[in-house]
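Have the model open and follow along.

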Amino acid sequence: MRQHATRVVCVNRLSSMTAVVYTGCVSDTMRHKVYTVLFLLVCSILVRIYFVRVTGVMDKTTTEDYHNHPRVELLQQQTTHSPNVAVQRKHITLNFQGRLGNLMFEYASLYGISRKNNLTAVVPRTLSLFNYFNLTAEKSNNVQAYSTTYIEKRGCAFEPEAMQLGNGNDVRLEGYFQSWKYFQFVEKELRHILKWKESTFRQANDVFRNLVQYKQDSIYIGVHVRRGDMVHSAHMVNYGYISADKGYLDKALTYYRSKFKNVSFIVVSDDVKWCDENIKGEDVHILRKNNSPEVDMAILTLCNHTVITSGSFGWWSAWLAGGEVVYYKGYPRPGSKLFELLVPDDYRPPSWIGM
């Protein structure tokens with residue numbers, strides 16, 4: 001009622017003053033005063049109209065009404081998410097352990113999990129992978145003092161809970177995290193990150209070209225044969241590790257020979273003598289030079305397609321090479337402890353071919 005009465009008074013005053021002006025019954029001084037009052041009234045009315053259109057409220061005097069208004073809420077959101085305001089993200093790290101293949105699984109999974117949870121990945125400054133790849137994770141001398149720890153339940157399986165940690169705390173991951181599902185959605189980025197440094201690539205390329213008479217129209221198949229501790233360590237064997245037999249390798253090579261013309265097999269193994277005795281053919285080239293693990297893997301990644309037996313070293317050789325991958329279905333040994341921990345669909349991409 002007060003607002004209505006105010007508007008009536010304003011209109012009445014405006015009407016009466018307008019009438020006075022047009023009757024010509026006042027002096028010039030009075031007319032000037034009337035014009036001044038009219039001008040101020042019009043300005044007042046325009047200001048109130050502008051206020052209503054901009055804020056959408058009139059005579060809102062309480063703080064609650066103000067903050068609940070949609071325009072104010074939008075302004076608050078824009079201020080909160082201003083690009084000029086630096087927001088410190090929480091961190092996530094992992095207890096890196098094992099050799100080259102294990103470390104690559106751990107880094108790739110850490111990268112994927114960090115991206116999914118909007119956390120900053122942090123790795124030890126001394127991580128050996130920095131010697132071979134241009135990693136993007138932050139380096140730190142202290143990755144132990146994190147408030148939250150997530151321990152994986154199975155070593156070769158995908159755990160969705162790890163992708164739902166949130167970004168409210170610094171997190172330390174413990175485990176091996178050997179599943180392609182942790183990083184499938186950032187595969188393109190990872191392939192860029194996990195490109196060999198120039199020194200490693202040159203060594204691998206030199207060895208590769210000296211091993212075979214390189215021909216552009218040839219199809220090169222990398223073959224990784226893991227034996228060593230998977231044959232000679234009683235603990236590893238009892239746990240479930242197993243090396244592929246001659247029958248599997250014969251079948252895998254036959255598959256590629258029938259599919260492609262002009263194939264050449266590049267064999268990398270920790271048991272050259274066994275390979276000499278069991279892998280035959282004019283198209284077979286067994287690497288005999290004692291290279292570093294990263295150079296051996298880089299050689300395999302220069303091939304078009306891959307045959308792997310067991311272990312994470314062969315897994316990453318195949319993943320980096322791309323192309324078709326044939327793997328040994330007998331790994332791990334059925335009924336073993338490792339067999340219970342490994343979920344085949346989580347461990348190997350669905351496009352890989354088991355034999």
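Buried here means under 20% relative accessible area, with exposed over 50% and partly exposed in between (1.4 Å probe, protein chains only). Helices (H or I, at least four residues) and strands (E, at least two) are DSSP runs, numbered from the N terminus. This is a predicted model, where local features need pLDDT of at least 70, side-chain atom pairs count only at pLDDT 80 or more, and totals for chains, interfaces and linings use all residues. Residues are numbered from 1 along each chain as its sequence is written, and side-chain values use heavy atoms, with hydrogens and water left out.

Start with strand β1 (residues 91-94): His91 and Thr93 point one way, Ile92 and Leu94 the other, and all are buried.

Now the core, meaning buried Ala, Val, Leu, Ile, Met, Phe, Trp, Tyr and Cys residues joined through side-chain atoms within 4.5 Å. The largest nonpolar core has 87 residues, and Tyr107, Leu129, Phe183, Leu194 and Trp316 touch the most other members. Helix α5 gives the most to this core, with 9 residues. Contact means heavy atoms within 4.5 Å; the residues Trp316 touches include Met104, Phe183 and Leu194, leaving aside residues up to four places away in sequence.

Finally, Thr200, Gln203, Ala204, Val207 and Phe208 in helix α7 meet Glu294, Val295, Ala298 and Ile299 in helix α12.
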